[in-house]
Amino acid sequence: MSDKTKKTTDPKTYKFDTLSLHAGYQPHKNAGSRQVPIYQTTSYLFDDVDHAAALFNLERGGHIYSRISNPTVGVLEERVASLEGGTAALATSSGMSAIFLTVMTLCEAGDHLVVSSQLYGGTVNLFRLTLPKFGIKCTFVKPRDTEGFKKAIQKNTKGIFGELVGNPGNEIMNMPEIAKIAHDAGIPLIIDATYQTPYLCKPFEHGADIVVHSLTKWMAGHGSSMAGILVEGGNFDWMQNDKFPTMTKPYEGYHGLSFAEEFGPTAFTMKARAEGMRDFGPCLSPQNAWNVLQGIETLSVRMKKHCSNAEEMVKYLLGHESVAWVSHPSVPDHPDHELAKKLLPNGRGSMIAFGIKGGKDAGVAFINNVKLASHLANVGDTRTLVIHPASGTHSQMDEATLKFAGLSHDMIRLSVGIEDIDDIKNDFEVGFRAARKPRLVSNQ
Amino acid sequence: MKFKVNGNEVFASTGGRPFDKNKPLIIFVHGSGLTHMTWVLQTRYFAFHGYSVLALDMPGHGLSGGKSLKSIEDMADWINSVIDAVGYKEASLVGHSQGCLVTIECTSRYPNKIKTLSLMGGAGAIPMNPELLQLAENNDPKAVDLMMDWAHGPAGHFGGHPVPGLYHINTGGMLAKSRTIKDTLGVDFRACDNYKNGFEAAKKIKIPTLSILATGDKMCPIKEGKKLADLIEKSKVEIIDNCGHMMLLEEADRVLKVLKDFITNNYPSLSK
C-alpha cells in the first residue's frame with residue numbers, strides 16, 4: 001500500500017445514534033434488563049459505616065440519597081454528556097433549575113454575569129429580577145452585539161450566558177467569537193442549547209464551557225415530563241485566575257476539598273452536585289428521567305423530521321399573503337443565515353417566528369382558530385405548537401423590555417412538529433382565514 | 001500540594017487531607033499523558049484512612065512544572081527524588097500502565113526505600129503501536145481518541161461511571177489533552193517504547209507486589225501482566241473481569257478493595 005492510500009486507524013468509539021440508545025447503561029449490571037430500570041427509591045444501603053463515610057466524603061463513587069443522585073437519572077446524565085461530548089452532566093427537575101444551579105455554582109453574592117437579552121421569558125426574569133435578590137447582577141446585551149459582550153465584562157464578571165438561538169426571535173449568538181471574548185477574560189461561556197439539542201449543534205466544539213438544556217423540549221420530545229440538565233465541557237481552567245475561589249480553594253463543606261484540584265475536567269459538575277443538589281435539591285425524579293430517555297432514543301430521527309418540516313413551513317409562510325415577515329435561520333436574508341450554516345450544519349431547528357398581518361388582533365384570532373396546532377407554553381414537542389409571546393410566554397414583560405427582547409405584538413412563535421406537513425399547512429389556512437376577519441372571530 | 005524537585009515545581013494531590021509526615025506514604029504514579037486525577041477514587045480513601053498520599057503529576061504533566069522526562073529510568077530516579085524531597089525514607093508505590101514501568105524500575109533501583117508495589121494494567125514492556133506513537137509525537141488529537149478507545153472496556157464505551165454523571169471516555173480524553181499532546185503523550189509513549197529493562201528489573205524485586213489485571217485490557221493484555229508478575233518473587237495477582245485498561249476508574253470500587261486489602265496488610269497505616 002502506498003503512503004497516499006494508507007489510512008490511519010480510526011477510533012471505534014460509538015457514534016451519535018448508537019450513544020442515543022446505549023450510553024450510560026450496561027444491562028449485565030442490572031439483572032440483564034434490556035431497558036433501563038426505574039430505580040424508584042429515595043436511598044441506598046451502605047455496606048458498613050466505613051462505606052457510608054467514604055460515600056459522603058467523595059472518597060468513592062456511588063449513591064446515597066436520590067436528591068443527590070439516582071441510578072436511572074445517572075444513565076440520563078451520562079447519555080447526555082456523551083451526546084454533547086462533555087465530561088459530566090447533572091440532571092435537574094427542569095431547565096430553569098439547571099440554569100439556577102449553574103449560576104449558583106458559578107457565582108457568589110457580589111458577582112456579575114453578562115447575559116444575552118434574547119432569552120425565554122422565565123430566564124429573563126431569573127436574571128433580571130430574582131438573581132439580584134441573591135446579590136448577583138446581570139448586564140443584558142443583544143445577541144448579535146458581539147463587541148457588546150466584551151464591553152459589558154466587569155472585574156467581578158463570572159461568566160457569559162446566552163441561548164445560542166434566541167427565544168423567540170431566532171437571533172444567533174456568534175458562539176466562537178463570544179467564547180474567545182469570555183476566555184480572554186478568564187471566564188466561562190454558558191450556552192442554553194435547548195433549541196438545538198446536540199444533534200444540531202455541539203456547543204463545546206465551538207468554545208462553550210457549560211451547556212444547559214431544558215430536556216422537557218426536543219430532547220424528550222413527547223411533552224410528558226419536566227427535566228433539565230447542565231453539561232460540562234471539561235476544558236475550562238478554573239485555576240487560571242483567582243475568580244473562582246469556591247472551585248479552587250479548600251471547601252469547608254467537604255473537609256477542605258478543592259474541586260478543581262481533585263476533579264479537574266469534571267469539577268464544575270461535582271461541585272454543582274455536591275453543594276447545589278445537597279443544599280438546593282432540585283432533583284429529577286427517576287420516572288421523569290426514564291421518560292426523557294425514551295425520547296432521546298429517537299432524537300436524531302425526530303430532529304431530521306422537525307427540521308425538514310420547519311423548512312417546508314418557512315417556504316409556505318414566506319409565500320403566504322397573511323404573513324408580514326418570517327424569521328428562521330434557513331431564510332437567506334436572515335441576518336445570521338451564514339453563521340447558522342456553520343453552527344447548525346445538520347439543520348437550522350424547528351422554531352419559526354413570523355409576523356401576522358393585522359397585528360395583535362389577527363394574532364389572537366389565528367391562535368384561537370388553529371385546531372391541529374396546540375396553543376400552549378412549550379416548545380419542542382413532537383406536535384406542532386403555537387403561541388403569541390406578547391400575550392403568553394413574555395407577558396410579564398413591560399413594553400420597553402419586550403422591545404429590548406426583540407418582540408413585537410404581531411409575532412407568532414411556531415414550534416414545528418413532526419405531523420404530516422400538509423396537515424399542518426391546512427390547519428394554518430384555517431387560522432389565517434380567521435385572522436383576516438379578527439373582529440368577527442373575537443365576537444364569536 | 002506543591003514542592004520542588006530538581007528545581008522544578010511538582011504538584012501532587014494529597015487526597016484532600018493535609019500532608020502529614022507522621023503517616024506512612026503512598027505514592028501514585030499515573031500513566032502516559034495523564035495526571036493525578038486518574039487516581040481520585042483511590043487517593044481520597046487512603047488519605048482519610050491513615051496514610052499520607054501523593055498522587056503526582058509527573059514533570060510537564062497536569063499542574064507540575066518542568067518538561068516531561070524522556071526515559072523510564074529518569075522517571076524512576078525522579079520518584080526517588082520525590083521521596084527525598086518530602087522528607088521520607090520509605091514509601092509504597094502504586095503505578096498504572098506507564099506508571100508500572102516507572103515503579104518497577106524505581107523499586108529495582110532503590111529496594112530499601114520501597115515497601116510495597118502495586119501495579120495496575122502493568123507489563124514488563126509496553127511496545128507502542130507505531131501509528132499511535134506517530135500520531136502522539138505529531139501532536140494529533142486523534143492519538144488521544146485512539147488511546148481512549150483502546151484503553152476503555154465496557155464501562156468506558158457504554159457508560160456506568162462509579163461517580164454519578166461522569167462520562168469516562170470524554171473525561172479521560174480531556175485529561176490527556178490538558179497539556180500539549182506531543183510534549184506529554186508523545187514523550188511518554190516514546191519512553192515506554194524505548195524501555196527494555198522491565199523484566200530484568202522485576203527479577204530484582206523482593207517486596208510484596210500486587211498486580212491488578214483486567215480481562216478486557218487491550219493496552220497491556222492480561223498475559224503480559226502475568227508474565228511480569230511471574231518474575232516477581234512475592235507477587236500476588238488479582239483479575240478484574242469485564243474491564244479495560246482504565247480499571248482504576250472503570251471498576252474503581254473493586255480495584256480499591258483489592259488495593260486496600262493489600263496495602264493495609266503489607267504496609268499498615270500505624271506502622272510508623
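Visitor: How far apart do the C-alpha centres of domain 1 and domain 2 of chain A lie?

Guide: They lie 29 Å apart. Keep in mind that this is a predicted model. The domain assignment puts domain 1 of chain A at 16-296 and domain 2 of chain A at 300-442.

Visitor: How many residues of the two domains are in contact?

Guide: On the domain 1 side of chain A there are 31 residues, and they are in contact with 34 residues of domain 2 of chain A. Helix 1 (16-22), helix 5 (121-130) and helix 8 (197-200) of chain A each give at least two residues to the domain 1 side.

Visitor: And what classes of residue does that domain 1 side have?

Guide: Sorted by class, the side of domain 1 of chain A that touches domain 2 of chain A has 13 nonpolar, 14 polar and four charged residues.

Visitor: OK, new topic. How many residues are in contact between chain A and chain B?

Guide: Chain A puts in 45 residues, in contact with 35 residues of chain B. The elements of chain A that give two or more residues to its side are helix 3 (71-84), strand 1 (88-92), helix 10 (259-263) and helix 11 (267-279).

Visitor: Which of those gives the largest share?

Guide: That's helix 3 of chain A, with five residues. By class, the side of chain A that touches chain B has 13 nonpolar, 23 polar and nine charged residues.

Visitor: You mentioned helix 10 of chain A. I clicked on Glu261(A), which is in there. Is Glu261(A) buried or exposed, and why?

Guide: Glu261(A) counts as buried because it has 24 C-beta neighbours inside 10 Å, and the cut-off for buried is 20 or more.

Visitor: How far is Glu261(A) from Ile412(A)?

Guide: Their C-alpha atoms are separated by 49 Å, and the two residues are 151 residues apart along the chain.

Visitor: What about Asp145(A), where is that one?

Guide: Asp145(A) is in the loop between strand 3 (137-141) and helix 6 (146-152) of chain A. With 17 C-beta neighbours inside 10 Å, Asp145(A) counts as partly exposed. C-alpha to C-alpha, Asp145(A) is 31 Å from Thr92(A), and 53 residues separate them in sequence.

Visitor: Switching to the nonpolar core. Which residues touch the most other members of the largest one?

Guide: Ile352(A) and Ile27(B) do, out of 229 residues in that core. Domain 1 and domain 2 of chain A each supply at least three residues of this core. As general background, nonpolar side chains tend to be buried together in soluble globular proteins.

Visitor: What is Ile352(A) in contact with, leaving aside neighbours within four places in sequence?

Guide: Ile352(A) is in contact with Ala310(A), Met313(A), Val314(A), Leu317(A), Val326(A), His328(A), Leu414(A) and Val416(A).

Visitor: Last topic, chain B. At what angle do helix 2 and helix 3 of chain B pack?

Guide: Helix 2 (residues 72-85) and helix 3 (residues 98-109) of chain B pack at about 65 degrees, with their axes 8 Å apart. The crossing is right-handed. Residues from helix 2 of chain B in this contact include Ile72(B), Met75(B) and Ile79(B), and those from helix 3 of chain B include Leu101(B) and Val102(B). By class, the contact has seven nonpolar, one polar and three charged residues.

Visitor: What handedness does the crossing of helix 4 and helix 8 of chain B have?

Guide: That crossing is left-handed. The axes of helix 4 (residues 130-137) and helix 8 (residues 181-194) of chain B come within 7 Å and cross at roughly 145 degrees. Among the residues making the contact are Leu132(B) of helix 4 of chain B and Phe189(B) of helix 8 of chain B.

Conventions:
Residues numbered from 1 in each chain as written. Chains lettered and ligands numbered in written order. Predicted model: local features only at pLDDT ≥ 70, side-chain atom pairs only at ≥ 80, totals over all residues. Contact = placed C-beta atoms within 7 Å. Helix = DSSP H or I, 4+ residues; strand = E, 2+ residues; numbered from the N terminus. Nonpolar A, V, L, I, M, F, W, Y, C, P; charged D, E, K, R; others polar. Axes fitted to C-alpha atoms, helices over the stretch in contact; angles between N-to-C directions. Left-handed = near helix turned anticlockwise from the far one by under 90°. Domains from an automatic or database assignment. Core = buried A, V, L, I, M, F, W, Y, C linked by C-beta atoms within 7 Å. Buried ≥ 20, exposed ≤ 12 C-beta atoms within 10 Å, placed from the backbone.
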